[in-house]
Amino acid sequence: MPGSDPHTYCQEKAAASGSSFYYSFRFLAPERRRAITAFYAFCREVDDIADECREPTVAGAKLAWWRDEVARLYAGTPSHPVTLALREAVEPFHLPQEAFEQIIDGMEMDLGRVRYPDFKALRLYCHRVAGVVGEVAALIFGVSDRATLKYANKLGLAFQLTNIIRDVGEDARRGRIYLPQDELAEFGVGEADLLQRQMSENFRRLMEFQYQRAEQTYVEALALLPAADRKAQRPGLIMATIYRTLLQEIRQDGYRVLDRRIALTPLRKLWLAWTTWIRE
């Protein structure tokens, strides 16, 4: 495994992903930055299994190993660089074992043929892979009011809805369709249209519907953030700025997400991060 120590390993894992999350960590105090980087590295480890392992039984076995490793972490005997780094964060930031288990539950939902009959079913998936992630991140950033966890969970949902919009074409080619089946039917968009990259007015109307739901979720999430925790939660607000900007870009580009991946440049993300940090 690369890196001379657990924190170096986590740093390299986080940086290699190129994710927007990485930009929100840069302004944190060292102990919080180490903790969130280790947590993000954990999320990347389990997410990569679901994304890169073609054989569901093998992926399931690897996720089962991580479930056991989480148990070892909370027993004080972790062995992986990520959990060795996380060991320092669990107690100071009151990170619950159940949260790590729920994230793995969510990754298991990505194995095999992924379809969701309606938004209620999709929301459970989003809660596990994004809402819970938001809650753990909020604990690391600093929580004085428990209502902040409701904000963080809903903000995680908004991020996941943005990811689903951005990755429609890429996900479909992996056998995953996160857009609810009843909504596909309502707007007259078939699975074959997604796979064959068929841009149509029906598809744009479907994506506008997804956009409006995601945007409303950001509005609702930000309204839940208690004033007392606003400064501590600036990394999440940075993420919200970056992701909402991406969402606007996708809309302005006419939802051309079936044959391309729309992304912000690293420089633009850094600029958005910096301006949000000093504004908040």
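Modeller: First, a term: a disulfide is a pair of cysteine sulfur atoms within 2.5 Å. This is a predicted model, so local features need pLDDT of at least 70 and side-chain atom pairs count only at pLDDT 80 or more, while totals for chains, interfaces and linings use all residues. Residues are numbered from 1 along each chain as its sequence is written, and side-chain values use heavy atoms, with hydrogens and water left out.

Colleague: OK. How many disulfides does a search of the whole structure find?

Modeller: The count is 0. Take cysteine 10: the nearest cysteine sulfur belongs to cysteine 43, 11 Å away.

Colleague: Is cysteine 10 buried or exposed?

Modeller: Buried means under 20% relative accessible area, exposed over 50%, and partly exposed in between, with a 1.4 Å probe and protein chains only. Cysteine 10 has 1% relative accessibility, so it counts as buried. Cysteine 43 has 10%, so cysteine 43 is buried too.

Colleague: New topic. Which residues touch the most other members of the largest nonpolar core?

Modeller: Phe39, Phe42, Ile103 and Leu194, out of 95 residues. A nonpolar core is a set of buried Ala, Val, Leu, Ile, Met, Phe, Trp, Tyr and Cys residues joined through side-chain atoms within 4.5 Å.

Colleague: And which helix gives the most to this core?

Modeller: Helix H7, residues 119-141, with 14 residues. Helices (H or I, at least four residues) and strands (E, at least two) are DSSP runs, numbered from the N terminus.

Colleague: What does phenylalanine 42 touch?

Modeller: Leaving out residues up to four places away in sequence, its contacts include Trp66, Val70, Phe100 and Ile103. Contact means heavy atoms within 4.5 Å.

Colleague: How many aromatic pairs does the structure hold?

Modeller: There are 12. Rings of Phe, Tyr and Trp (its six-membered ring) pair if their centres lie within 6.5 Å; planes under 30 degrees apart are stacked, over 60 edge-to-face, the rest tilted. Phenylalanine 159 and tyrosine 218 make a tilted pair, 6.1 Å centre to centre, with 55 degrees between the planes.

Colleague: Which helices do phenylalanine 159 and tyrosine 218 lie in?

Modeller: Phenylalanine 159 is in helix H8 (residues 147-166) and tyrosine 218 in helix H12 (residues 201-224), so the pair ties together parts 59 residues apart in sequence. Phenylalanine 159 also forms a tilted pair with tyrosine 243, at 4.9 Å and 45 degrees.
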